[in-house]
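This briefing sets out the main features of the model shown below. It takes the relation of the chains, the DNA surfaces, the sheets and the loops in turn.

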2 protein chains.
Amino acid sequence: MIKLSDIAQKAGVSESTVSRALANSPRISAEKKKLIQRIAFDAGYKVNQVARNLRVRSTRTIGLVVPEVANPYFPRLVQLIADAAREAGYHLQLHLSGVAQDAETECLAAIREQRVDGVVLVTSERGLVARDALNEMASTGAPVVLLGWVNDAPPVDMVYGDDAAGGYLVARHITELGHRRIVVFGAAPHRGTFDRLVGFQRGLKEAGIDTDVHIPARTNEEIRLGIEYLLRMANPPTAIFAYKDSLAAMACRCLRQACVSIPDQISVAGFDNLDLGTYLCPQLTTVDLSMEQTARSAVDSLVERMKSPTTWDGPKHRLIPPQLIVRESCSHPRSTNSIGRTECPPI
Amino acid sequence: MIKLSDIAQKAGVSESTVSRALANSPRISAEKKKLIQRIAFDAGYKVNQVARNLRVRSTRTIGLVVPEVANPYFPRLVQLIADAAREAGYHLQLHLSGVAQDAETECLAAIREQRVDGVVLVTSERGLVARDALNEMASTGAPVVLLGWVNDAPPVDMVYGDDAAGGYLVARHITELGHRRIVVFGAAPHRGTFDRLVGFQRGLKEAGIDTDVHIPARTNEEIRLGIEYLLRMANPPTAIFAYKDSLAAMACRCLRQACVSIPDQISVAGFDNLDLGTYLCPQLTTVDLSMEQTARSAVDSLVERMKSPTTWDGPKHRLIPPQLIVRESCSHPRSTNSIGRTECPPI
DNA sequence: CGTGGCTTTGCAATCGATTGCACAATATGG
DNA sequence: CCATATTGTGCAATCGATTGCAAAGCCACG
């Protein structure tokens, strides 16, 4: 593998000169610069980044810690963060912390090993697992940004969606359509999804609806049972709010299997605006917490921190506003609805 | 940031001894080893990997080049490769080459800059864009494995699915169900998807079906037009084969909007076994080219090449066998079917 | 011709680890 | 008690770049 000194020899100059010429330093004369660049190019020289990184104490790499990428929620986030990172001139080291986020601590170690210049840590349903590790990093002023809400977060930058406002939007939309009997599918494993429900309740209350059925469902199986249950109710609901799209999708499937028509007999709303929702029929009404904004905010914050590690005036929190995406799965309730009593239509 | 020499000083030994103690070398006495490890741990010492990498000429990182991760096909692949890499003790640097795979060459440069020890290059519909770069790398014996078929590939290891066999399986399944009027949605942008169609044709021919309708559709819009077209046919098909699940899903949506029932009036089969297929109603019958196997093969090949860069007996190709996943979207054709003539059922 | 200023180049230190080799210390055998 | 293993430790070179500082070369001006 050809190295700097080889080029220096070929060009008959010192290594410093070659290094400066390739870095396009103004301290090298134009002709010599051209010559050296030519020689280097012809020889197929590529700088050894590892050596360079050691010297300049930076890898121009950011570490992205994500629980998993198989879950339909994360890929877009990864994509957008990767794009933003690339745009900012950084490489991306991808760490999967596992569904249980076991490996979070291990992933954070990357920054202490100088492998990466900064870290974007994405938390999920389990909240922050590597709290100790993160606390320690925060205290040394290492550039980290936390993506997703966590309770009592260590003093690092944070960006997260306004889940409560999102839930509220859904409640308003559904109640304005005229629904009064509404069921919520959702557990509250961490703050984000909890807030969705809180916001939703607030919206219901404003519309004068006090009582609602809340079914704590987090898995497909729980959704299935929940749907079965509510179809047997004496006075079944006319609308369902599922706290995330993947559950909403599953709810739709179960309803169809029970020959319940959406949105004619039941309206369904989700949350997250996954691509999935556009493949369903009817297309899913949902809430978008702009991932573009989220990703960009996160990378921007991080880049800023990495560029000037000294100037640091406390952790900043950025809140991403929600947007209601009205598609086809919610409509006015039909007063004549009689779920579960009709024959299954011959579709 | 605390470094090796600091520990050496604290422990009153030389840097070499510390280095060896931490590497658990048998040449250091047990007590001293314990002592040093203790001191290092207490001081919160973490080795500077950049320095280490420079010295040992390896980063224990593999580069994964993927067109994008937003497309539902890639995330699982990334996940599995990341898992396999981690298991093998490697970090992952993720490069997104872009839908157009423009950045492929740039991504491959990472290996020449010693940033990564090896590369898994995933090609997509555009085939291999960075042919020159890859050829050059292959000639220097750099560890690269190509994931996905490409024509006239440079001499590097390759792993790809047996698309033809997969297409054949679908054809057999559909014809065995009794379908004779079959339409294929698919273009042939690169070898893989082309082979799906070739295998499919072969299956049809074996069943004695010569004529089939082939609609070259690659986008959702093309699918929509295609569906419209075939619903207007005098003698519409009873089965549809879409060359990938995302198109099959879109086809299902269009059919539902036209009040065509699946699989009663039309059967639909896809290819790829995306998660998406299980969210649809009916769930999609499709073909699986085990991503687990693909990912593992790729990483195994790569690790082998990285471990012994010298012993190299020509490029190996590994073929991943397909598996038919029978779900709900294909059934026997109903002779009384009269697509497009009925009223839309009151779903 | 000497001096000062400016541009261009090179020397040598540095980043933080690993490792071949030499040597010291201790054990073993004759 | 000496010769020879054996074991444990340290010195110093090395990986391949970057960069502060010194100095060489050149020009112009007094």
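**Relation of the two chains**

Chain A can be laid on chain B with an RMSD of 0.1 Å, by a turn of 180° and a shift of 0.0 Å along the axis. That is the relation of a two-fold axis. The model is predicted, and the values below are computed from it.

- Gln93(A) is the residue of chain A that comes closest to the rotation axis, with its C-alpha at 2.2 Å.
- The copies meet through the same surface, because 98% of the interface residues of chain A are also interface residues in chain B.

- Of the atoms of DNA strand C that come within 4 Å of the protein, 56% belong to sugar and phosphate.
- Asn48(B) approaches through its backbone, where an N or O atom lies 3.1 Å from a phosphate oxygen of DNA strand C.
- Both chains contribute helices to this surface: H2 (15–22) and H4 (49–56) of chain A, together with H2 (15–22) and H4 (49–56) of chain B, each supply at least two residues.
- The element that gives the most is H4(B), with 5 residues.
- By class, the residues of the surface near DNA strand C comprise 11 charged, 9 nonpolar and 7 polar.

**Surface near DNA strand D**

- DNA strand D is surrounded by 27 residues, of which Leu4(A), Ser19(A), Arg55(A), Arg27(B) and Arg57(B) are the closest.
- Sugar and phosphate make up 56% of the atoms of DNA strand D that come within 4 Å of the protein.
- A base of DNA strand D is also reached: an N or O atom in the side chain of Arg20(A) is 2.7 Å from a base oxygen.
- On the phosphates of DNA strand D, a polar side-chain atom of Ser19(A) lies 2.4 Å from a phosphate oxygen, and a backbone N or O atom of Asn48(A) lies 3.1 Å from a phosphate oxygen.
- H2 and H4 of chain A, together with H2 and H4 of chain B, are the elements that give two or more residues to this surface.
- The residues near DNA strand D divide into 11 charged, 9 nonpolar and 7 polar.

**Sheet of chain A**

- Chain A has an open sheet of 4 strands in the order S7-S6-S8-S9, with parallel pairing.
- S7 (213–215) and S9 (267–269) of chain A are the edge strands, each pairing on one side only.
- From one strand to the next, the twist averages 20°.
- S6 (residues 182–185) of chain A runs parallel to S7(A) and is joined to S7(A) by 3 bridges; within this pair, Val184(A) stands opposite His214(A).
- H10 (residues 220–231) of chain A packs on the sheet and touches S6, S7 and S8 (239–242) of chain A, its direction making about 165° with that of S6(A).

**Sheet of chain B**

- In chain B, 4 strands form an open sheet with parallel pairing, in the order S7-S6-S8-S9.
- S7 (213–215) and S9 (267–269) of chain B stand at the edges with a single partner strand each, so one side of each is left without a neighbour in the sheet.
- The twist in this sheet averages 20° from one strand to the next.
- S6 (residues 182–185) and S8 (residues 239–242) of chain B run parallel and are joined by 4 bridges; the bridge partner of Val184(B) in S8(B) is Phe241(B).
- H10 (residues 220–231) of chain B packs on this sheet, where it touches S6, S7 and S8 of chain B at about 165° to the direction of S6(B).

- In chain A, the peptide bond from Ile262(A) to Pro263(A) is cis, with omega near 0°, and Pro263(A) lies in the loop between H11 (245–257) and S9 of chain A.
- Cys259(A), which is not a glycine, has a positive phi of about 60°; Cys259(A) lies in the loop between H11 and S9 of chain A.
- In chain B, the bond from Ile262(B) to Pro263(B) is a cis peptide with omega near 0°, and Pro263(B) lies in the loop between H11 (245–257) and S9 of chain B.

Methods: Residues numbered from 1 in each chain as written. Chains lettered and ligands numbered in written order. Predicted model: local features only at pLDDT ≥ 70, side-chain atom pairs only at ≥ 80, totals over all residues. Heavy atoms only, no water. Pairing = 2+ DSSP bridges. Axes fitted to C-alpha atoms, helices over the stretch in contact; angles between N-to-C directions. Contact = heavy atoms within 4.5 Å. Near = heavy atom within 4 Å. Polar contact = N/O pair within 3.5 Å; in protein donor to acceptor, adjacent residues only side chain to side chain. Nonpolar A, V, L, I, M, F, W, Y, C, P; charged D, E, K, R; others polar. Least-squares fit on C-alpha atoms with pLDDT ≥ 70 in both.
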